[in-house]
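Subject: Structure for you to look at

Hello,

Please find the structure below. My notes on it follow.

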Amino acid sequence: MLPDGRGLPPGSGSVEQGKVIYQQQCVACHGANLQGGLADRLIGGRGTLANDDPAKPPMKTIESYWPYATTIFDYVKRAMPLASPGSLSDDQVYAVTAYILSQAKIVPADIVLNASTLAAVRMPNRDGFIPDPRPDKLPAIDKSPHKSLAIAPPPAK
Ligand code: HEC
């Protein structure tokens with residue numbers, strides 16, 4: 001599954017459906033208001049990662065940090081809930097993703113997420129990442145110990 005949505009499965013889910021799943025399967029660790037608890041805070045902190053205000057320490061969440069909404073689907077589908085990863089259906093993952101994004105006020109409460117509406121969501125920190133200005137300091141791909149991780153170019157049109 002790629003950031004632009006290629007590889008997202010069919011299916012869909014609403015904020016209302018996601019709220020039910022969240023309350024049954026996520027709330028114990030991520031908190032009633034997605035504020036965190038046993039596990040990470042999921043929302044809040046927007047604008048705290050790049051500022052000079054000592055009163056606004058960095059708070060890293062989906063809302064403040066993640067550049068692509070599609071990553072929420074990918075991550076939750078593979079890794080959550082912690083004790084039974086992979087147990088949620090694609091519809092359930094779309095729904096809980098819709099709930100998280102609506103609680104973060106990134107999407108409206110009446111949105112229904114599917115492969116195309118999720119790929120169209122623009123995250124608040126989308127432009128917060130800059131290319132490394134020192135590409136000459138990176139090893140050439142064929143010299144890299146991680147060449148298997150090199151990102152494949154998009155297919156030719
Ligand atoms: C038993 C506790 C537990 C439950 C239940 C749980 N999570 Fe998590 N979640 C975690 C932990 C621990 C992490 C951090 C994992 C790591 O960093 O490797 C995490 C991380 C995440 C992250 C990534 C946060 C970030 O900023 O990196 C997301 C998104 C997430 N969980 C969503 C969910 C959703 C959606 C559900 C319900 C379907 C859920 N979790 C249920 C414990 C839980």
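What share of the residues of the protein chain count as buried? Of its 157 residues, 26% do, where buried is defined as 20 or more other C-beta atoms within 10 Å of a residue's own, exposed as 12 or fewer, and partly exposed as anything in between, with C-beta atoms placed from the backbone.

Two points on conventions. This is a predicted model, in which local features need pLDDT of at least 70 and side-chain atom pairs count only at pLDDT 80 or more, while totals for chains, interfaces and linings use all residues. Residues are numbered from 1 along each chain as its sequence is written.

Overall layout

The protein chain has 5 helices and 2 strands, and from the N terminus on its elements run β-α-α-α-α-β-α. Helices (H or I, at least four residues) and strands (E, at least two) are DSSP runs, numbered from the N terminus. Among contacts between residues at least 6 apart in sequence, 56% join residues at least 24 apart; a contact here is a pair of C-beta atoms, placed from the backbone, within 7 Å.

Nonpolar core

The largest nonpolar core has 27 residues. Such a core is a set of buried Ala, Val, Leu, Ile, Met, Phe, Trp, Tyr and Cys residues joined through C-beta atoms within 7 Å. I62, Y94, V96, A98, Y99, I100 and L118 have the most contacts inside this core. Two or more residues each come from α1 (15-25), α3 (70-79), α4 (90-103) and α5 (115-119), and α4 gives the most, with 8 residues.

I100, in helix α4, is buried, with 25 other C-beta atoms within 10 Å. Leaving aside neighbours within four places in sequence, I100 is in contact with L34, L42, I43, I62 and I72.

Packing of α1 on α4

The axes of α1 and α4 come within 7 Å and cross at roughly 95 degrees. Axes are lines fitted to C-alpha atoms, for helices over the stretch in contact, and angles run from 0 to 180 degrees between N-to-C directions. The two helices, α1 and α4, are therefore roughly perpendicular to each other; the classes are roughly parallel under 35 degrees, roughly antiparallel over 145, roughly perpendicular from 65 to 115, and oblique for the rest.

On the α1 side the contact uses V15, Q17, G18, K19, I21 and Y22, and these meet Q92, A95, V96, T97, A98, Y99 and S102 in α4. The residues of the contact divide into 7 nonpolar, 5 polar and 1 charged. Ala, Val, Leu, Ile, Met, Phe, Trp, Tyr, Cys and Pro count as nonpolar, Asp, Glu, Lys and Arg as charged, and the others, Gly among them, as polar.

G18 is found in α1 and counts as buried because 25 C-beta neighbours lie inside 10 Å. Residues up to four places away aside, G18 touches G13, A95, V96, T97, A98 and Y99. The C-alpha atoms of G18 and Q92, 74 residues apart along the chain, are separated by 6.8 Å.

Ligand shell

Which residues are closest to the ligand? They are C26, C29, A39, M80 and P81, out of 19 that surround it, a residue being near if its C-beta atom, placed from the backbone, lies within 6 Å. α2 and α3 are the elements that give two or more residues to this shell. By class the shell has 15 nonpolar, 3 polar and 1 charged residues.

Backbone points to check

Most residues other than glycine have a negative phi, and most peptide bonds are trans. The peptide bond from M80 to P81 is cis, with omega near -10 degrees; P81 is in the loop between α3 and α4.

L34 is not a glycine but has a positive phi of about 60 degrees. L34 lies in the loop between α2 (27-30) and α3 and is buried, with 22 other C-beta atoms within 10 Å. K105 also has a positive phi, near 55 degrees, in the loop between α4 and β2 (112-113). K105 counts as exposed, with 12 C-beta neighbours inside 10 Å.

Regards

Terms used
Two residues are in contact if their C-beta atoms, placed from the backbone, lie within 7 Å.
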